[in-house]
Amino acid sequence: MKRALLTSIALALAACTSHANYGYNNLPKGYHWRAVYDRREKAVVFYGVDPMTRDSIYVGPDGQFYIFHHSGTIETRDFRRHWTPHDAL
């Protein structure tokens with residue numbers, strides 16, 4: 001009985017985790033992404049907004065995600081704050 005309970009809990013927890021590989025071509029859901037042409041990158045980049053914290057999220061063609069706490073576009077200092085992508089709650 002105890003083993004069955006532990007197994008069902010483990011399976012339920014495994015179902016909660018995301019197995020998606022997020023990146024430039026596969027953005028997490030729920031962040032209201034908008035595409036912007038970036039002259040520095042000479043490419044389209046994406047900006048999103050975290051619905052819980054209202055922080056800005058950026059991803060460029062290299063697939064790296066960054067988070068910052070000010071309005072507007074990303075600044076050089078913001079490239080130190082990596083963000084782990086996940087679907088919004």
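Reader: Is Asp 78 buried or exposed, and what is its relative accessible area?

Author: This is a predicted model, in which local features need pLDDT of at least 70, side-chain atom pairs count only at pLDDT 80 or more, and totals for chains, interfaces and linings use all residues. Residues are numbered from 1 along each chain as its sequence is written, and side-chain values use heavy atoms, with hydrogens and water left out. Buried means under 20% relative accessible area, exposed over 50%, and partly exposed in between (1.4 Å probe, protein chains only). Asp 78 is therefore buried, with a relative accessible area of 5%.

Reader: How many salt bridges does the model have?

Author: A salt bridge is counted where a side-chain nitrogen of Lys or Arg lies within 4 Å of a carboxyl oxygen of Asp or Glu. By this rule the count is 3.

Reader: Which residues are linked in a network of salt bridges?

Author: Arg 77 pairs with Glu 75 at 3.1 Å, N to O. Arg 77 also meets Asp 78 in a salt bridge, at 3.9 Å. The network therefore consists of Glu 75, Arg 77 and Asp 78.

Reader: What relative accessibility does Arg 77 have?

Author: Glu 75, a salt-bridge partner of Arg 77, is partly exposed at 34%. Arg 77 also counts as partly exposed, because its relative accessibility is 48%.

Reader: Which residue forms a salt bridge with Arg 40?

Author: Arg 40 counts as exposed because its relative accessibility is 53%. The closest N and O atoms of the pair are 3.7 Å apart, and the partner is Asp 38.
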